[in-house]
Amino acid sequence: MALSRRTLLAGAGTAAAAAAAGAAVYMVRRKEEQAAPGGPRVRLVVGADNSASRTVMWEGKKSAGLELRGPDGSVRTFEPVRAEHRSGETLFHLNEVRLEGLQPGGSYAYRIPGVLGDWTPFRTAGRGATTALLFPDSQSTDRYETWRQLYQEALRREPQADFTAHMGDLVDCGAWLEHWYDWFAAVKGGIERVPAAPVMGNHDTYDQNARIGMPENFLAAFAPPENGSADWQRWYYAFDSGPVRFLVVNTEWPESDSFRPGLLPEMKRWFREASKTSQPWKVVLMHRSAVANSIRGRKPRGPFSEAGRELMPLFDEAGVDLVVTAH
């Protein structure tokens, strides 16, 4: 069935991995990065052109550069950009390599001596149709076991997916490291091969007391394509995959305005420029629904939510074809 333009897909459905909102039932503090469970958390993140770029991220203080084997068998070595991220009493040593100029539809493999010894294969997207797995909220109170089953089974059924989109509320409380440990353990074996496109949700902004705070762990965990902003890097971004420009929009300005005002107006300016593309399709990925929903019996004010009232005129102006949401 062909999709008509300006189609709104409101509410991508409820993920089997989503738990009821509220504080999760576990939290353990760890002082040493090495004590974190699950082994090395290596992940791929989409590049600005999913056919020609990737970002590889991993954690570890003592690690060599990344080795990339191309379709022709040649091997190149890349030195990572290194940074530190402190979450509570835990210090993480972050490594990031942005791979550019890759061959569309090419078969590659990489390894990280001392971290990921075996060659791990991945494939770049082609220039034709694109396939994506779109996951709503994965926040969980079962140590992300249901999320693990959902993610792993989806990749088993669609092993040629060009990327996975994680539509916000990845974890129940963004400041709780235990949730991130379990989330990454659940996607292990997949996220090293198929790049992720993360979308920020309201739960990803919660602090240690489940109140609103800077989403530092979310921002440190993923390095998506740059958006040109000095203040809002990694909060929103765009990338191409196949014939589609994906515009990842941040709906959490009600949260962020309490500690750093200005997200919405700057993002609107960015969106008008980022949506100018020769790609035949434009798809928005965002956390909160654009349409209003009845919550606990409270009737909504009109057909659109606050996110919809602010953003739908912008989407119409840009000729957006599809909006995918979660929450």
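I searched the whole structure, a predicted model, for aromatic pairs and found 22, counting rings of Phe, Tyr and Trp (its six-membered ring) whose centres lie within 6.5 Å, with planes under 30 degrees apart taken as stacked, over 60 as edge-to-face and the rest as tilted.

Y110 belongs to strand β8 (residues 107-112) and F122 to strand β9 (residues 116-123), so the pair ties together parts 12 residues apart in sequence; strands here are DSSP runs of E, at least two residues, numbered from the N terminus. Y110 is buried at a relative accessible area of 0%, and F122 is buried at 5%, where buried means under 20% relative accessible area (1.4 Å probe, protein chains only).

I then turned to F163 and F239, which pair edge-to-face at 5.0 Å centre to centre and 90° between the planes. F163 is in strand β11 (residues 163-166) and F239 in strand β13 (residues 237-241), so this pair ties together parts 76 residues apart in sequence; both residues are buried.

I also noted a cluster linked by ring pairs, including W147, W180 and F218.

For charges over rings (CZ of Arg within 6 Å of the ring centre and within 35 degrees of the ring normal), I found R69 over W119, 4.6 Å from its centre, and R260 over W232, 5.2 Å from its centre.

On conventions, I numbered residues from 1 along each chain as its sequence is written, and side-chain values use heavy atoms, without hydrogens and water. Local features need pLDDT of at least 70 and side-chain atom pairs 80 or more, while totals for chains, interfaces and linings use all residues.

Note on methods. Helices (H or I, at least four residues) and strands (E, at least two) are DSSP runs, numbered from the N terminus. Buried means under 20% relative accessible area, exposed over 50%, partly exposed in between (1.4 Å probe, protein chains only).
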